[in-house]
Number of protein chains: 2
Amino acid sequence: MTVRPYRGVSAEDRRSQRRARVKSACLDVVGEDGVDRLTVEAVSARAGLTKRYFYEGFADLDVLLAEVIDDVFTELLAEILDALAVAGPDVRRRAHTIVRLLIEFFQRDPRRARLYVEAPGQPTLRARRDEAFHSYTRLLVEHLRADSHPEATVADRRRELAALIVVAGVTEAVTAWLRGGVDLDCDQLVDEIARVMIAALA
Amino acid sequence: MTVRPYRGVSAEDRRSQRRARVKSACLDVVGEDGVDRLTVEAVSARAGLTKRYFYEGFADLDVLLAEVIDDVFTELLAEILDALAVAGPDVRRRAHTIVRLLIEFFQRDPRRARLYVEAPGQPTLRARRDEAFHSYTRLLVEHLRADSHPEATVADRRRELAALIVVAGVTEAVTAWLRGGVDLDCDQLVDEIARVMIAALA
DNA sequence: AACGTGTGACACGGCGTCGTGTCAGTTCGA
DNA sequence: TCGAACTGACACGACGCCGTGTCACACGTT
């Protein structure tokens, strides 16, 4: 954790390293204590820095949170797109791919899950979550349709609504499972979620 | 708004009237400004009372919030059960009944919607929301199954998971629609949500 | 060796909220 | 009519957090 030598790297590099440490510390604090326990003091201490450096990198907590949650969303979206690129055309398989990746993503770093879950409560995060949900919704509509003919507009909007239900529902299911609230093993979980996904979007 | 005459009603009655006013004011503040803008001062002023009377009726804001959200959940559950009691045995019709009631419930008093939506962010509300979701999940499993034969345990758990996805997803869909984020009319909304509901739980 | 800059610890004033207390004015019961 | 209880407005100290400022020390450059 010692980042002592301070001119092996340029000032700019150290600055961005500190930013990264603050971001990681933000996930730590949120993951352990929740968003409303996130303070400038707490996140700075967690990063092994003082408040001074927090304000060097971020205007305030909202800016930090927005950036962190955007990172999470962007990363997840990229991973899903990557996975879909190598998945076959079979709808069932594509659904399984998405769901499995989603679970693995949050399992790999559970700190993200809590940020995701608590987002609706924070005005700053709420808007970004909605935006992200919209991205995922469009992703589902585009990548999971069995037929590929252009749709009528009303049917498309209905399809988007169904996808929104799926996105929100799956989020809840995965986080509930991560918290131990669902008594299924991972494979059963993936299978059932994928089934619902396909059924809803058929 | 003048509640002047203070001994047409007994002390106990006035006390409970004040409690009710504080609860309603709580919904007002949450509905307009969000949970994190809810303060003792704000809710008391909104109720036309002073902080003194807040503490007369509630130990702190958490107690108030818990009670208010419990009221909402209880009320909604009761209305759904009432409606289901007079609905026929047809699954499609039952699903429509539930969804239409749900939408009407939050439309009738939109203040509740925001409390519902922001619940995951607040530790106090989170647990109660989860509990409520569990109630609704069981309700769906029990009242919406086409077949009525006793299930194997694993299939039951999978069914509950599917129901959880539906509950969370529908919540998101309805609130998104209330905020104007879904370009469908009410009938289309009900129809599509009910369709997803049935498809997911088939 | 000396100087300038990066660094970390701490201090400070300000703000908003909490929870309690006080007090004067009124309404009601005896 | 008098006294007791109720009511509403305001005052107060305490706390936690914010955002900025100050300071002594470590470091690297010259």
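**Entry 1: Conventions**

I number residues from 1 along each chain as its sequence is written, and chains are lettered from A and ligands numbered from 1 in the order in which they are written. Because the model is predicted, local features need pLDDT of at least 70 and side-chain atom pairs count only at pLDDT 80 or more, while totals for chains, interfaces and linings use all residues.

**Entry 2: Chain A as a whole**

I looked up the secondary structure first. Chain A has 9 helices and 0 strands, so that its elements read α-α-α-α-α-α-α-α-α from the N terminus. Helices (H or I, at least four residues) and strands (E, at least two) are DSSP runs, numbered from the N terminus.

I then noted the extent of the chain. Along the principal axes, the C-alpha atoms of chain A fill a box of roughly 60 × 35 × 30 Å. Chain A has 202 residues, of which 36% count as buried. A residue is buried if 20 or more other C-beta atoms lie within 10 Å of its own, exposed if 12 or fewer, and partly exposed in between, with C-beta atoms placed from the backbone.

I also looked up contacts; two residues are in contact if their C-beta atoms, placed from the backbone, lie within 7 Å. Among the contacts in chain A with a separation of 6 or more, 67% join residues 24 or more positions apart.

**Entry 3: Helices α1 and α5 of chain A**

I compared helix lengths with the expected span, which is 1.5 Å times one less than the number of residues. Helix α1 (residues 11-33) of chain A has 23 residues and reaches 32 Å between its end C-alpha atoms, close to the 33 Å expected. Helix α5 (residues 91-108) of chain A has 18 residues and should span 26 Å; its end C-alpha atoms are 25 Å apart, which agrees.

Which residues of α1(A) are buried? I found A:Arg21, A:Val22, A:Ala25, A:Cys26, A:Leu27, A:Val29 and A:Val30. Their cover includes α2 (40-46), α3 (51-57), α4 (61-86) and α6 of chain A. Just after α1(A), A:Gly34 takes a positive phi of about 95 degrees.

In α5(A), the buried residues include A:Arg94, A:His96, A:Leu102 and A:Phe106. I recall that an α-helix has 3.6 residues a turn, so residues three or four places apart point the same way.

**Entry 4: Helix packing**

I looked up α4(A) and helix α7 (residues 123-143) of chain A, which pack at an angle of about 10 degrees with their axes 9 Å apart. Axes are lines fitted to C-alpha atoms, for helices over the stretch in contact, and angles run from 0 to 180 degrees between N-to-C directions. The two helices α4(A) and α7(A) are therefore roughly parallel to each other. Angles under 35 degrees count as roughly parallel, over 145 as roughly antiparallel, 65 to 115 as roughly perpendicular and the rest as oblique.

The contact residues include A:Leu65, A:Ile69 and A:Phe73 of α4(A) and A:Leu125, A:Ala132 and A:Leu139 of α7(A). By class, the residues of this contact are 10 nonpolar, 3 polar and 3 charged. Ala, Val, Leu, Ile, Met, Phe, Trp, Tyr, Cys and Pro count as nonpolar, Asp, Glu, Lys and Arg as charged, and the others, Gly among them, as polar.

B:Leu27, B:Asp28, B:Val30 and B:Gly31 of α1(B) meet B:Arg111, B:Arg112, B:Arg114 and B:Leu115 of α6(B). This contact has 3 nonpolar, 1 polar and 4 charged residues.

**Entry 5: One histidine**

Is B:His134 buried or partly exposed? B:His134 lies in helix α7 of chain B and counts as partly exposed because it has 16 C-beta neighbours inside 10 Å. B:His134 and B:Val167 are 33 residues apart in sequence and 9.0 Å apart in space, C-alpha to C-alpha.

**Entry 6: The two chains together**

I found 30 residues of chain A in contact with 30 residues of chain B. On chain A, α6 (111-118), α8 (153-178) and α9 (186-201) each supply at least two residues of this side. Helix α8(A) gives the most, with 13 residues. The side of chain A that touches chain B has 19 nonpolar, 5 polar and 6 charged residues.

The same surface serves both copies, since 100% of the contact residues of chain A recur in chain B.
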